[in-house]
Amino acid sequence: MTDRISALISAFGVLAGMSLLALAVRECRAGASALWIGAGAVILLCASYTLVRDVRRLRTGPTA
């Protein structure tokens, strides 16, 4: 059960990362620093990696 909850939280993390990246791109076009795009991309990649790890854990099933 906790693996499902962890995967659900990770999915929301990916959604938050995508919205942050979209906001960073919009702000960069308005004249903000380009570092926001890099930070948003790193956050999205970390959240995506966590989601993939959680989904793989769900697919393998219980280990103990």
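Asp 54 and Arg 57 sit three residues apart in helix 2, about one turn of the helix (helices are DSSP runs of H or I with at least four residues, strands are E runs of at least two, and both are numbered from the N terminus). The two residues form a salt bridge, with the closest N and O atoms 3.7 Å apart (a salt bridge needs a side-chain nitrogen of Lys or Arg within 4 Å of a carboxyl oxygen of Asp or Glu). Salt bridges with shared partners join Asp 3, Asp 54 and Arg 57 into one network.

Before going on, note that this is a predicted model, where local features need pLDDT of at least 70, side-chain atom pairs count only at pLDDT 80 or more, and totals for chains, interfaces and linings use all residues. Residues are numbered from 1 along each chain as its sequence is written, and side-chain values use heavy atoms, leaving out hydrogens and water.

**The overall picture**

- The protein chain has two helices and zero strands.
- Its C-alpha atoms fill a box of roughly 50 × 15 × 10 Å along the principal axes.
- The radius of gyration is 15 Å, while a compact globule of 64 residues would come in near 11 Å (it is taken over C-alpha atoms, and the globule rule is 2.2 Å times the number of residues to the power 0.38).
- Of the 64 residues, 16% count as buried (buried is under 20% relative accessible area, exposed is over 50%, and partly exposed is in between, with a 1.4 Å probe and protein chains only).
- Among contacts between residues at least 6 apart in sequence, 62% join residues at least 24 apart (a contact is heavy atoms within 4.5 Å).

**Helix 2 up close**

- Helix 2 covers residues 35–60, which makes 26 residues, and it reaches 38 Å from first C-alpha to last, close to the 38 Å expected at 1.5 Å a residue (the expected span is 1.5 Å times one less than the number of residues).
- Its buried residues are Gly 40, Leu 44, Ala 47 and Asp 54, and what covers them includes helix 1 (2–29).

**The salt-bridge network**

- The structure holds two salt bridges.
- Asp 54 is buried at 1% relative accessibility, while Arg 57 is partly exposed at 35% and Asp 3 is partly exposed at 26%.
- Not counting residues up to four places away in sequence, Asp 54 touches Ser 6, Ala 7 and Ser 10.

**Where the chain comes back on itself**

- Val 55 lies in helix 2 and is partly exposed, with a relative accessible area of 37%.
- The C-alpha atoms of Val 55 and Ala 7 are 6.3 Å apart, though 48 residues separate them along the chain.
- Thr 2, in helix 1, is exposed at 60% relative accessible area.
- The C-alpha atoms of Thr 2 and Leu 58 are separated by 9.9 Å, with the two residues 56 apart along the chain.
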